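Please have the sequence and the structure open as I speak.

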Amino acid sequence: MNGPMLDLVGVWTVILGAGVFFYVLLDGFDLGVGMLYGLNPDSTSRGIIMNSIAPIWDGNETWLILGGLALLAAFPLAFAIIIPALYFPVLLMLLALIFRGVAFEFRFKDKEHRGFWDNAFAYGSAVATFAQGTVLGAFIQGFQVEGRQFTGGSFDWLTPFSVMTGVALMAGYTLLGAGWLILKTEGSLQDWARVQGRRALILVLVGIGIVSLWTPYAEPDIAQRWFTWPNIVFLAPVPLASAVLAWATWRSLGRDHHAWPFVYGIGLFITAYLGLAISLWPNIVPHRYSLWDAASSESTQAFLLVGTLFLLPIILLYSGWSYWVFRGKVKADAGYH
């Protein structure tokens, strides 16, 4: 038979896409919790907020490693262009995540300087989120490429649009964090999280609106994909689902719902993720190289797939088990030591 029986590029696209989404979702809500932690002045509430993510926050970052390695191994050309173009925001994100992790541990051990570590945890969460948002904005805008190399400047990523996406992602993670706190807490802290969730949702919708208008305006190919017949009919369910989920999220935040604000928030992220994927497909270097253009050799992808398919179920099992073990509401007298 001629040609491979399995499209390995398609398989690796699914793995990379899933890894990025799981990171955005899982580390996103605990980064959101970190930002909310800095907004709550009550020491008892802060302890509960911290304890709500203590057993699972570091495991969530596994998906960042998986996504980075999948990009390097399966799509090396994309890695060679994207990382130099986004070197500074990626570096800023990693430093903030490291500082945040150190602060998480030290606030329990170094009680004399707990205020400093509390601020470090909150600001580290905010800076890491903003950096991720600027990465997203710069990625959507595309990169200056000649041949197979990035030829732009070190600060090409810093534009009004990328700053806007940075702020919008901070709001998005805050929405997820508020949903998590509603799920895991009760009483006055839960009521406070509902208020913060509604405020964040407004900013999220503004950010989605700006991106949805800017991308087709800036790129005629994207406008043609979304607004020509019959695509406009086939793709209409995505923005319609976003609108329904936004309404459902707002409604659930104002009612005595515990799980639904988090679930609807996840749904809103899924539709936004799908919208971006539809706009940029099939390019992994936006407006330049497709997934197939940037892929490594078939033998390399096949070799790496063996180990990846072995590790993925393990990651899913231990992640799912940790969430199951630490399910339920968080109490003030049961925490991290």
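This is a predicted model: local features need pLDDT of at least 70, side-chain atom pairs count only at pLDDT 80 or more; totals for chains, interfaces and linings use all residues.

**Helices against helices**

The crossing of α8 past α13 is left-handed.

Which residues of α8 and α13 meet? On the α8 side they are Leu 169, Gly 172, Tyr 173, Leu 175, Leu 176, Gly 179, Trp 180, Ile 182 and Leu 183, and on the α13 side they are Pro 261, Phe 262, Gly 265, Ile 266, Leu 268 and Phe 269. Sorted by class, this contact of α8 with α13 holds 12 nonpolar residues, three polar ones and no charged ones.

Let me turn now to a second pair, α1 (residues 8-39) and α7, whose axes come within 8 Å and cross at roughly 135 degrees. That angle makes α1 oblique to α7, and the crossing of the two is left-handed. Among the residues of α1 that take part are Tyr 23, Leu 31 and Met 35, and among those of α7 are Asp 118, Phe 121 and Thr 129. The residues of the contact between α1 and α7 divide into eight nonpolar, five polar and one charged.

Is Thr 129 buried or exposed? Its relative accessibility is 0%, so Thr 129 counts as buried. If we set aside residues up to four places away in sequence, Thr 129 touches Leu 31, Met 35, Gly 166, Leu 169, Met 170 and Tyr 173. One of these, Leu 31, is 98 residues away from Thr 129 along the chain, and yet the C-alpha atoms of the two are separated by 7.0 Å.

Glu 61 sits in the loop between α3 (57-60) and α4 (62-74). With a relative accessibility of 18%, Glu 61 also counts as buried, because the cut-off is under 20%. Beyond the residues up to four places away in sequence, Glu 61 touches Tyr 23, Asp 27, Leu 97 and Arg 100.

Trp 250, which has its place in helix α12 (residues 237-253), has a relative accessibility of 36% and therefore counts as partly exposed. Again not counting residues up to four places away in sequence, Trp 250 touches Arg 198, Leu 201 and Ile 202. Trp 250 and Ile 202 are 48 residues apart in sequence, and from C-alpha to C-alpha they are 9.1 Å apart in space.

**The nonpolar core**

Finally, the largest nonpolar core has 83 residues, of which Ile 53, Phe 75, Phe 143 and Ile 284 touch the most other members. Helix α1 gives the most to this core, with 16 residues. If we leave aside its neighbours within four places in sequence, Ile 284 is in contact with a list of residues including Leu 16, Leu 71, Phe 75, Ala 78, Ile 82 and Phe 139.

Note on methods:
Residues are numbered from 1 along each chain as its sequence is written. Side-chain values use heavy atoms; hydrogens and water are left out. Buried means under 20% relative accessible area, exposed over 50%, partly exposed in between (1.4 Å probe, protein chains only). Contact means heavy atoms within 4.5 Å. Helices (H or I, at least four residues) and strands (E, at least two) are DSSP runs, numbered from the N terminus. Axes are lines fitted to C-alpha atoms, for helices over the stretch in contact, and angles run from 0 to 180 degrees between N-to-C directions. Angles under 35 degrees count as roughly parallel, over 145 as roughly antiparallel, 65 to 115 as roughly perpendicular and the rest as oblique. A crossing is left-handed if the near helix is turned anticlockwise from the far one by less than a right angle, and right-handed if clockwise. Ala, Val, Leu, Ile, Met, Phe, Trp, Tyr, Cys and Pro count as nonpolar, Asp, Glu, Lys and Arg as charged, and the others, Gly among them, as polar. A nonpolar core is a set of buried Ala, Val, Leu, Ile, Met, Phe, Trp, Tyr and Cys residues joined through side-chain atoms within 4.5 Å.
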